[in-house]
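Me: Can you go through this model with me? I'd like to start with a helix and then move on to the interface.

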Amino acid sequence: MQIDNHMSLKIAALSKNEAFARSVVAAFCASVNPTVDQLSDIKTAVSEAVTNAVVHAYEVDSGIIEINASLSGRTVHIEVLDEGVGIEDIVRAREPFFTTKPGDERSGMGFTVMESFMDTLEVKARDGGGLCVRMSKNFDMNGE
Amino acid sequence: MKIVFKTVNSILYVGISGELDESMARQARESLDAMIDEADMKKVVFDMSELSFMDSTGIGVILGRFKKLKALGIPLLIANPTKAVDKILNLSGVYQHMPKVMF
Ligand SMILES: Nc1ncnc2c1ncn2[C@@H]1O[C@H](COP(=O)(O)OP(=O)(O)O)[C@@H](O)[C@H]1O
Ligand SMILES: [Mg+2]
């Protein structure tokens, strides 16, 4: 896979950084002219991954979220990494409406949104703890 | 994010504008609940024509208010969602609980 451009961002795991994070990734994609709808899909998917790191990953003190993105032709690959508690059962966590925080009015739709707004979604435990969320989207494919 | 309220003919219209995510969820919940608790209405309409962004945190906020209103016997409607917001509302099955209206 030929990588034409890439970016890397490290932010404090705070909800006030979510808008910043999703805007940066969307702006990074602008050079390959995605549609307005495709950009809003990217923003929503990034927001889901970053929100999860803010809300679920760091229970005690807040940590760092790393966001990497690369462009390969008109496909964007995005990685959202944390060093938090990780997920015991990833298959279950990815099911629609599954949440470990129903009392906080969480919908359990985060992974489902990432999966359906992007072309691919991969969720993996990181060596040494934390979660790695990888997703990609090709801008030549027509959404609905 | 900004929330404005208006009551017309016992219908509470709630205009939610800007971006609704985790950083705004608490504020949204508090102002919506305060209004629901004090107002006397037969129906609530969330006007989302000016809501440019919402993620699944917003779905939780909406469903939470829906449950609260349902317990009071008050129907909730979603009005004029933008395309991006409509997509996530659809995916999350929100329209199975409350109707969408366009005006
Ligand atoms: N970065 C993360 N670190 C730890 N747990 C996570 C992370 N992301 C997701 N999870 C777990 O996966 C579940 C499902 O996530 P999601 O589909 O986004 O729903 P929600 O965030 O509404 O709970 C969460 O409730 C949480 O238990
Ligand atoms: Mg989530």
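**Helix and interface**

Reply: This is a predicted model. In chain A, helix α2 (residues 36–57) has 22 residues, which at 1.5 Å a residue should span 32 Å, and its end C-alpha atoms are 31 Å apart, so the two values agree.

Me: How many of the 22 residues of α2(A) are buried?

Reply: The number is 17 of the 22, so α2(A) is largely enclosed by the rest of the structure.

Me: Switching to the interface, how many residues of chain A and chain B are in contact?

Reply: On the chain A side there are 26 residues, in contact with 21 residues of chain B. The area buried between chain A and chain B is about 1,800 Å², and carbon and sulfur atoms give 49% of that area.

Me: Which three residues of chain A supply more of its buried area than any other three?

Reply: Those are R22(A), E105(A) and F117(A), which supply 28% of the area that chain A buries against chain B.

Me: And how many salt bridges cross it?

Reply: The rule finds seven salt bridges across the interface of chain A and chain B, and one of them joins the side chains of E105(A) and R65(B) at 2.9 Å, N to O. Across this interface there are also 13 residue pairs in polar contact, both residues at pLDDT 80 or more.

Me: Which helix gives the largest share of the chain A side?

Reply: That is α2(A), with nine residues of the side that touches chain B. By type, the residues on that side of chain A divide into eleven charged, nine polar and six nonpolar.

Key: Residues are numbered from 1 along each chain as its sequence is written. Chains are lettered from A and ligands numbered from 1 in the order in which they are written. This is a predicted model: local features need pLDDT of at least 70, side-chain atom pairs count only at pLDDT 80 or more; totals for chains, interfaces and linings use all residues. Side-chain values use heavy atoms; hydrogens and water are left out. Helices (H or I, at least four residues) and strands (E, at least two) are DSSP runs, numbered from the N terminus. The expected span of a helix is 1.5 Å times one less than its number of residues. Buried means under 20% relative accessible area, exposed over 50%, partly exposed in between (1.4 Å probe, protein chains only). Contact means heavy atoms within 4.5 Å. Buried area is the accessible area (1.4 Å probe) that two parts lose on being put together, summed over both. A salt bridge is a side-chain nitrogen of Lys or Arg within 4 Å of a carboxyl oxygen of Asp or Glu. A polar contact is a pair of N or O atoms within 3.5 Å; within protein, one must be able to donate a hydrogen and the other to accept it, and residues adjacent in sequence count only if both atoms are side-chain atoms. Ala, Val, Leu, Ile, Met, Phe, Trp, Tyr, Cys and Pro count as nonpolar, Asp, Glu, Lys and Arg as charged, and the others, Gly among them, as polar.
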